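Here is a brisk report for a reader new to this structure. Please look over the sequence and the model first.

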Amino acid sequence: MSDSKDLLRAPFELAYNYKRSSGPVMSKFFEALGQQKILGTKSTAGKVFSPAAEFDPETNEPLKEMVEVGPGGVVESFSWIENPQHHHLIKEPFAFALIKLDGADTSMLHMVGQCKEADLSIGSRVKANWSEIQEQRITDIKFFTIEK
Amino acid sequence: MKRVAIVGYAQHPILKNAGALNEVELIMPVVHQLFNDLGISQKDIDFTCSGSCDYLQGAAFAFVEGLSAIQTNPPIKESHVEMDAAWAMYESMLKIQMGDAETALIYGFGKSSPGDLDAIISLQMDPYYISPLWPDRVSLAALQARVLLDQNIITPEQMLATVIEARANSKNNKNALITDLINESDYLNNAMVSSPLNQLDCPPISDGSSAMIIASEEKAYEFTDHPIWIEGIDHRIESSNLGSRNLAASNTLQASMNQLNLKNIKFEVAELHTQFSHELPFLKSLLNLQDVPVNLSGGPLVGNVMMCAGLDAIGKTYEALKENQFTHGLAHATSGPCLQHNMLVHLEAQK
């Protein structure tokens, strides 16, 4: 065995070293999030998808028309996490929730924070709270809180 | 349609932690057990297809390592699905239908113990809208559980009964990981993981593997006197946009049932890939299985090898038909959050 100083070494970064485009529909959605606005896409039948969908999953219609929705909405379902795991973004008890934003016909998966489990039910009204820094990502919405 | 039959199935004992056993060492024994049972070798196999998840091993193309379990020299015809091995079986079916193969070996393997399954499954979701929020698999399932409970489609009592029954049924399954019985107070005193789901509503972290051989009608009788026919197979997927789905129903499963014309078939056994306790009563009612013995093996709640448990549902249905002189069995495999993607397999014993 040679000394460790004789070994050849190369850096290894476990990561995807490429950038990904989010495409014509989702780009608009994320750019708007960066300006603290939530958009949805509207089908010719008038159904509004938010987060913005590129296609209507029922009719396969490509969706292009963007409309603003939220920032308030209604909890359609939620799961309550009393003990967050290390990878969760909120370190206190919180909920993952499906939230139907005002003006939308579909729900957005996001988190509801700063409340107790007993405060939350299907039908609760919540509103978006924004992150301190906008990065044009879904996490630009920090979480939702119960509307007072 | 060519008739295709399952001629053999083998399953590794499901382990809590396979330790130093690597994926190859998990697959080898089940493949060789199958070959020995049927008195055949890899030379008798035209097509080999596996199902596994590279995310679990943490390396791109990690499934190629799994192939080392099979003698690949001289080169063999093979394929892989980054899915449950039930879909490897589907691909093998197509291969036989196309006339490219008469026989196929299918295997699946998963070793969930080394990593953090909740975090890993988060990474497999939609990378734009969902993964960045790091939803764990239990919390996603719990969203559907709450919808079903809220709309009285299922009851908390049915979830409790499902957990108790799974434990009791584990006695029928020599490979089950969880075999200890529980009672109502054990269940009610169990801490919530992600409400409304507690630890006992969720499947155990499991390591293991399974293998199956299917063959065309011509070849099936060369391998066994008792082939079990794949009378129908259908799979459909719903939107990856979780919030645009109706979690209280499944139009896609309904479409599969219609496609397979299941309405008038009297099933004697069914094995469903229901990983969480609320999914079993939901699917029983969707699939009209109220009076049918379901998950006599205990199902995923007593052992849930990722990328394998769907194939196991098919394998356990096959075994039940073979061992009990039943005629019709229904197997179900699923993939994705909240029963997003479902496969139904109608198996029939020779009359």
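## A helix across a sheet

Helix α1 (residues 23-34) of chain A lies across β1 and β3 of chain A. Its direction is at about 155° to β1(A). Axes here are lines fitted to C-alpha atoms, for helices over the stretch in contact, and angles run from 0 to 180 degrees between N-to-C directions. Helices (H or I, at least four residues) and strands (E, at least two) are DSSP runs, numbered from the N terminus.

This is a predicted model: local features need pLDDT of at least 70, side-chain atom pairs count only at pLDDT 80 or more, and totals for chains, interfaces and linings use all residues. Residues are numbered from 1 along each chain as its sequence is written, while chains are lettered from A and ligands numbered from 1 in the order in which they are written.

The sheet in chain A is open and has 3 strands, in the order β2-β1-β3. Its pairing is antiparallel. Two strands pair if DSSP finds at least two bridges between them. The edge strands are β2 (48-49) and β3 (65-69) of chain A, and each pairs on one side only. Strand β1 (residues 38-42) of chain A is joined to β2(A) by 2 bridges. Opposite Thr41(A) stands Phe49(A) in β2(A).

## The two chains

Chain A has 1 helix and 8 strands. Along the sequence its pattern is α-β-β-β-β-β-β-β-β. The radius of gyration of chain A (taken over C-alpha atoms) is 20 Å.

Chain B has 12 helices and 12 strands. Its radius of gyration is 19 Å, close to the 20 Å that the globule rule gives for 351 residues, so chain B is as compact as a globular protein of that length.

A residue is buried if 20 or more other C-beta atoms lie within 10 Å of its own, exposed if 12 or fewer, and partly exposed in between; C-beta atoms are placed from the backbone.

| Chain | Span of C-alpha trace | Buried residues |
|---|---|---|
| Chain A | about 70 × 40 × 30 Å | 34% of 148 residues |
| Chain B | about 55 × 45 × 40 Å | 54% of 351 residues |

## Where the chains meet

In all, 29 residues of chain A are in contact with 26 residues of chain B. Contact means that the C-beta atoms of two residues, placed from the backbone, lie within 7 Å. On the chain A side, β4 (72-81), β5 (94-101) and β6 (107-112) each give two or more residues.

## Core and a covered helix

The largest nonpolar core has 140 residues. Such a core is a set of buried Ala, Val, Leu, Ile, Met, Phe, Trp, Tyr and Cys residues joined through C-beta atoms within 7 Å. Those with the most contacts inside it include Val112(A), Ala97(A) and Ile214(B). Val112(A) touches, among others, Val75(A), Phe94(A), Ala97(A) and Phe143(A).

Helix α11 (residues 279-286) of chain B is mostly covered, with 6 of its 8 residues buried. Among them are Leu280(B), Phe282(B) and Lys284(B). The buried residues pack against α6 (137-150), α7 (156-169), β9 (269-272) and β11 (328-335) of chain B. Just after α11(B), Asn288(B) takes a positive phi of about 55°.

Note on methods:
The radius of gyration is taken over C-alpha atoms; the globule rule is 2.2 Å times the number of residues to the power 0.38. Lists of a residue's contacts leave out its neighbours within four places in sequence.
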